[in-house]
Amino acid sequence: MATKRFEGREHAAVYQKYRFAPGKELKQTILSYLQEKKAIPAELAVDVGCGSGQGTHFLGEHFKKVVGTDISAAQIQEAKDNPGMPNISYLVCPAEELPFQDGSVDVLTSFTAAHWFDIERFMREAERVLRPGGCVAISTYTVDMSVRYGDCSEKLTQIFRECWDQMLKYSHARVKYVLDNYQVIFEALPFPDKKRVTDIYDPIPMTVEGVVGYMESASSYQTFKKSDPTAATSLLQETEKRMLETMGVSSRETPVEFLVRHVCVLGCKGR
Ligand SMILES: C[S@@+](CC[C@H](N)C(=O)[O-])C[C@H]1O[C@@H](n2cnc3c(N)ncnc32)[C@H](O)[C@@H]1O
């Protein structure tokens, strides 16, 4: 069964503000695969579970037409309010019922979203809408990020992970697909020609505010906030305070580097 999350307008706005786009290494991993399979240049790419368009934008440079799709009207509104290239459009629809004809899509992507889908139904849809020789790239970032700043990176990462540990208690069971590095999603992809890459590292430039905002945008934090707003707010306030004290700075705008690991499942439908 599909899972509804990220639906609220407030959550979508936080998401749009703090979620980062795919970094250079992830983009390169996907583009190299598409080049190897001769899947680009091509007509149509569909980005499923596009949220507010974080991953959708970069596809605009490589396809004639890009459609970002998401089950959440609030996320799609945020995406439309922050448009990228003119060849990108957005629509609200579930990943399990894509409004595209059989064999009409060249490349189907999904960034940090597939674990929320009904995986079997989504895979059937992917197989149906892709043309022969079309490709999928289904990625997620994992939860083992690190935060880097001068010589206190280890301590900052520990503070970040302690905060995550508190939030993980409120995470949905589907986060297990991320924790197993998309192994289940890889196995469910019905193409014999496929591979899974689990060690894609991207340094993302951030600020202290950005790191805290990223945690606020997590669905587990939003669940925590609904169940205990005071404790949830004070967890983030305390985390920010500890980070600033550790760094010896007072501004939440202070730049830090967020080192993110991605997992990516890549596959090509037989011709
Ligand atoms: C963690 S966000 C990822 C958004 C964006 N792709 C990114 O890289 O940041 C997951 C997105 O998947 C969407 N989603 C969840 N279940 C879905 C489903 N069954 N069909 C389509 N979208 C879904 C949510 O609304 C949300 O926008």
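A backbone N or O atom of Phe111 sits 2.8 Å from a nitrogen atom of the ligand. The ligand is well wrapped up here: the protein covers 99% of the 600 Å² of accessible area that the ligand has on its own. Please keep in mind that this is a predicted model. The points below go from the ligand site to the cavities and then to some backbone details.

**The ligand and its surroundings**

- The ligand is surrounded by 22 residues, and Tyr15, Gly49, Asp70, Ala95 and Phe111 are the closest of them.
- Sorted by class, this shell holds twelve nonpolar, seven polar and three charged residues.
- Gly49, one of the closest residues, also has a polar backbone atom 2.8 Å from a nitrogen atom of the ligand.

**Cavities**

- How many cavities of 30 Å³ or more does the count give? There are two.
- The second largest cavity has a volume of about 220 Å³.
- Its lining is made up of 20 residues, and those nearest the centre of this cavity are Arg19, His115, Trp116, Trp164 and Val175.
- Which elements each supply at least two residues of that lining? They are strand 5 (130-141), helix 6 (153-168), helix 7 (175-179) and helix 10 (219-227).
- By class, the lining of the second largest cavity has eleven nonpolar residues, eight polar ones and one charged one.

**The loop between helix 2 and strand 1**

- As background, most residues other than glycine have a negative phi, and most peptide bonds are trans.
- Lys38 lies in the loop between helix 2 and strand 1, and its phi is near 55°, a positive value in a residue other than glycine.
- Is the peptide bond from Ile40 to Pro41 cis or trans? This bond is cis, with omega near -5°.
- Pro41 is likewise found in the loop between helix 2 (24-36) and strand 1 (42-48).

**Pro99 and its contacts**

- Where does Pro99 lie? Pro99 belongs to the loop that runs between strand 3 (88-92) and strand 4 (105-111).
- Leaving aside residues up to four places away in sequence, Pro99 touches Leu91 and Cys93.
- Pro99 and Met85 are separated by 14 residues in sequence, and their C-alpha atoms are 22 Å apart in space.

Technical notes:
Residues are numbered from 1 along each chain as its sequence is written. This is a predicted model: local features need pLDDT of at least 70, side-chain atom pairs count only at pLDDT 80 or more; totals for chains, interfaces and linings use all residues. Side-chain values use heavy atoms; hydrogens and water are left out. On a 1 Å grid over the protein atoms alone, a cavity is a set of points where a 1.4 Å probe fits but cannot get out, and a pocket is an open set with protein on both sides within 12 Å along at least five of seven lines; lining residues have an atom within 4 Å of a point. Grid points are joined across faces, edges and corners, and a volume is the space filled by probe spheres set on the points. Helices (H or I, at least four residues) and strands (E, at least two) are DSSP runs, numbered from the N terminus. Ala, Val, Leu, Ile, Met, Phe, Trp, Tyr, Cys and Pro count as nonpolar, Asp, Glu, Lys and Arg as charged, and the others, Gly among them, as polar. A residue is near a molecule or strand if one of its heavy atoms lies within 4 Å of it. A polar contact is a pair of N or O atoms within 3.5 Å; within protein, one must be able to donate a hydrogen and the other to accept it, and residues adjacent in sequence count only if both atoms are side-chain atoms. Accessible areas come from the Shrake-Rupley method with a 1.4 Å probe; for residues, only the protein chains shown count as cover. Contact means heavy atoms within 4.5 Å.
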